[in-house]
Amino acid sequence: MEKSETTSSGENPRPWHSYHTVYTNAKAGMEGVDKEKVQRIVYEMSKGSKYFENEEKKEAYMRQKIETMRAQCAKLTAADVSHYQMVADKRIVELETTRDLSRIWLHVDMDAFYAAVETLSNPSLTGKPMAVGSMSMISTANYEARKFGVRAAMPGFIARKLCPELIFVPTDFNKYTHYSNLTRKVFQKYDPHFMAASLDEAYLDITDVCKERGVTGGEVADELRTRVYEETGLTCSAGVAPNRLLAKIGGIGKVTEHMLRDVLGINTCEEMLQKGGFLCALFSRSSADFFLSVGLGLGGTDTPEVKFRKSISNERTFSATDDEALLYQKLADIAQMLCTDMQKEGLRGRTLTLKLKTASFEVRSRAVTLQKYICSGEEILKYASKLLKAELPISLRLIGLRMSHFNEDKAGAPSDPTQRTLTKFVLSRDASGKTMGGQSSLSSNCSDEAFMDDLETSFPNDEIRDPWDSSCKQDLEDHNCTFGNNIEAEEAHESLSNNTAENIAETSLPRKLGGGSTDMVNEEVILHNEAVISPDWQYQCFKADDYKCSLCGIEMPPDFVEERQEHSDFHLAERLQEKESSINSRTSIERHRFAQKAITSSRSSRKKHKPSPKQGSHLSIDMYFVKSNQNF
DNA sequence: ACCGCAGTAAAAA
DNA sequence: GTATTTTTTTACTGCGGT
């Protein structure tokens, strides 16, 4: 494991070969692109910048990782190799037994989604190279632009160099959400429980449709794509397979690809299995399992019941500054934005993570876990400020805040006195009785396994099913648990679909929606959506800026957010006791917890702070190298 | 030895 | 002339408490 001298010699005739970015990789519609030229221009536009320097650091880190892994590999004795091969073969057999070929999955991906939507609302863009995004970053490029090597995730100023006549269109998420909803209405007809992966991607279990109508997956795919086109004027691609992985193979990115190829010489699924022993020797159990599954072509075939959001975050890039007042202002802005987002979903969280990107593009994060769930802008800012303060002085180009640790997180954490669960439990119960604006409840209300587990100890963790649970599930699937999305991407699965997007486009189907009137339709849909999502279910006895509890008249200032919440919870507990005589035991347990909670939460904070900043808690990249070397 | 937490990284859209 | 995003999830590692 000595020597790391494998690097290139002094003068490199083609230095751009050593600079690899995601956005120099080919995408759909980039077949004839002069890759050499694109790489050279990307390199020349990038070199010397802070960003570039950081990329070099990351590259160096990756090379080190690969060296380390090579050394590990070389250290394996013949006995080790045969041992791990046996382990791998056994694992392969085990995994094989999980194969399920009984389902038919469809992965649908809109073609150049944002760009296509923009063209729909401004047909004069048709046929011209165009990108959605800014000079800083491109979200999507249309196919005309891709011929120049312009791609999602590429900075706009580089794209303009590659294609000087490139037209830039700013992102307009309202528009994309509107069209996304139209596509989802179609998806729903084929699979009411379809899984949205982003605004422009979804997985559909079309097994039942195929069976009932006696058609193949491919035929359903064709029909669905036609219907999507009819409803939206947008084209899409679809992959058909017995599981989701095969309908869209993913999960191996730049770094993993290098580790597999450069260390183990793995390029294909077959090689993944042949070299299974090395995978088991070098990677963790879960990573090795994943790789072997990919090699076997195994993937998810189930439709997981409600998936819960685990975190919510907001971040902004700005021109780098070390002006503390300015940084605090940015932080306050982010805190407010996060608070707004959390309110939309009625979330409260315990763990707050501050994300920083320094002027040199180094990314750091700092987190606190509180005893209490918080959601107000003031409180978020209060704790975020403490986290930021510990990093000063510092020059930053990005600040972000993330809230997580929402509720129970892990079912079966009996010691954790999660006071929010009471509120959510009650609210969820109520939601089954009355409907709010046609929809009953929110994702975060739908399951509270820790609570259930605590109080209804006879339920196994995984099998909590009752009527309101499934009604929640239905609700959620209406919203499809879609999370953030910015950069749209077409993937290799296009090769799996027989009919290309272009074929469909050429069939001259009528355009149902032209440009022009879309914005009004938009508004309507968005408003509808917000009505569904907005947390007007909150049973707060306080109005937003009221000092008095409407139920008992006790006075508390609005900024006593935790105290007010607890007070609300108290009334909820009472209410629960009245309404639910059959679950008296639970109530008393919960009230007991509630009382405890009130005590523990008043002791302010466990301030045993991290050694934190400069050369304290986090290592420089160089230091990290030393460290990881010592591990082997 | 195990658990929870903090920090970093990778991946995806 | 300048300029390299945003959001979420998952995995792994190391530390400190019990």
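The points below take the basis of the model, then a helix pair, then a sheet.

1. This is a predicted model, in which local features need pLDDT of at least 70, side-chain atom pairs count only at pLDDT 80 or more, and totals for chains, interfaces and linings use all residues. Residues are numbered from 1 along each chain as its sequence is written, chains are lettered from A and ligands numbered from 1 in the order written, and side-chain values use heavy atoms, without hydrogens and water.

2. Helix H3 (residues 78-96) and helix H14 (residues 285-296) have axes that come within 10 Å and cross at roughly 65°. Axes are lines fitted to C-alpha atoms, for helices over the stretch in contact, and angles run from 0 to 180 degrees between N-to-C directions. Helices (H or I, at least four residues) and strands (E, at least two) are DSSP runs, numbered from the N terminus.

3. Ala-88, Arg-91, Ile-92, Leu-95 and Glu-96 of H3 meet Arg-285, Asp-289, Leu-292, Ser-293 and Leu-296 of H14, contact meaning heavy atoms within 4.5 Å.

4. An open sheet of three strands runs in the order E3-E2-E4, with mixed pairing; two strands pair if DSSP finds at least two bridges between them. Strand E3 (138-141) and strand E4 (167-169) are the edge strands, each pairing on one side only. From one strand to the next, the twist averages 30°.

5. Strand E2 (residues 130-133) pairs with E4 in the parallel sense over three bridges, and Val-132 stands opposite Val-169 in E4. Helix H4 (residues 113-121) packs on the sheet and touches E2, E3 and E4.
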